[in-house]
Amino acid sequence: MDAAVPRSRVRLAQALKDALETTPLDRITVSGLSARAGIHRQTFYAQFSDVYDLAEWVFETEVADHIMAHAGYDQWADGFVRMLVYMKGHHDQLYAVLHALTAVRLEHFFYHWLHEMMRVIVDEIGDGFRVAPADRDFVVDHFTLAVLGHLLHWFATDMRDDPYVLVSNLEFILHGSLRASLLRFADRGWSPSA
């Protein structure tokens with residue numbers, strides 16, 4: 001985690017992950033987590049509104065780190081497969097948090113971070129292409145939604161597919177497709193005044 005994150009948050013995050021090894025999320029208490037982390041309840045409430053808020057923060061922080069640590073055309077697949085392997089290795093903890101989130105919040109969260117990753121990739125590939133900003137945004141959205149759809153389906157099927165096979169197939173489809181999409185939009189023409 002980021003060095004700027006308060007130590008109390010880091011300790012609470014670890015306490016929650018440890019607790020989720022044996023206890024469902026809805027049975028974990030603020031008192032128990034605070035005691036396990038060696039902090040006062042008031043410190044917990046200064047950081048989070050409840051256990052679910054902490055769980056969402058841990059989930060978002062760790063997943064976002066996995067996604068953005070490898071944002072780039074040559075690295076995204078490595079980062080994505082590491083994220084899926086991490087999630088599969090923390091299956092029960094992950095599903096405890098997933099079930100606590102609404103479908104809309106879950107989709108928005110993953111869309112946001114995958115969109116950030118895809119923007120980095122599209123900007124890298126499309127450097128020098130004269131593509132209208134709206135068209136570039138459409139390419140980013142399109143490929144973000146494609147990857148997001150596969151990820152949400154992977155969750156819905158209880159992570160049935162092997163992460164390495166899934167990411168390899170995604171990489172195979174995306175390889176060249178992003179560049180081809182940007183070239184097609186560039187060929188369609190654009191002028192800054194349009």
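## Basis

This is a predicted model, in which local features need pLDDT of at least 70, side-chain atom pairs count only at pLDDT 80 or more, and totals for chains, interfaces and linings use all residues. Residues are numbered from 1 along each chain as its sequence is written, and side-chain values use heavy atoms, with hydrogens and water left out.

## Overall fold

The protein chain has 10 helices and zero strands. Helices (H or I, at least four residues) and strands (E, at least two) are DSSP runs, numbered from the N terminus. Along the sequence the pattern reads α-α-α-α-α-α-α-α-α-α. The C-alpha atoms fill a box of roughly 60 × 40 × 25 Å along the principal axes.

## Packing against α9

Helix α5 (76-89) packs on α9 at an angle of about 155 degrees, with the axes 9 Å apart. Axes are lines fitted to C-alpha atoms, for helices over the stretch in contact, and angles run from 0 to 180 degrees between N-to-C directions. α5 is therefore roughly antiparallel to α9. Angles under 35 degrees count as roughly parallel, over 145 as roughly antiparallel, 65 to 115 as roughly perpendicular and the rest as oblique. On the α5 side, the contact (heavy atoms within 4.5 Å) includes Trp76, Phe80 and Leu84. Their partners in α9 include Pro163, Leu166 and Leu170. By class, the α5 contact with α9 holds 12 nonpolar, no polar and two charged residues. Here Ala, Val, Leu, Ile, Met, Phe, Trp, Tyr, Cys and Pro are nonpolar, Asp, Glu, Lys and Arg are charged, and the others, Gly among them, are polar.

Helix α8 (residues 133-156) also packs on α9 (residues 163-174), at about 160 degrees with axes 12 Å apart. This pair is therefore roughly antiparallel. Its crossing is right-handed. Phe143, Val147, His150 and Trp154 of α8 touch Pro163, Leu166, Leu170 and Leu174 of α9. That contact has seven nonpolar, one polar and no charged residues.

## α7 on α8

Helix α7 (residues 103-125) meets α8 at about 135 degrees, with axes 8 Å apart. α7 is therefore oblique to α8. The crossing is right-handed. By class, the contact has 15 nonpolar, two polar and six charged residues.

## The largest cavity

How many cavities of 30 Å³ or more are counted? The count is one. A cavity is a set of points on a 1 Å grid over the protein atoms alone where a 1.4 Å probe fits but cannot get out; lining residues have an atom within 4 Å of a point. The largest cavity holds about 150 Å³ of space. Grid points are joined across faces, edges and corners, and the volume is the space filled by probe spheres set on the points.

Of its 14 lining residues, Val58, Phe59, Glu62, Tyr86 and Gln93 are the closest to the centre. α1 (7-20), α4 (51-68), α5 and α6 (91-100) each supply at least two lining residues. α4 gives the most, with five. The lining divides into 10 nonpolar, two polar and two charged residues.

Key:
1 Å grid on protein atoms, 1.4 Å probe; cavity = no way out; pocket = protein on both sides within 12 Å on 5 of 7 lines; lining within 4 Å. Left-handed = near helix turned anticlockwise from the far one by under 90°.
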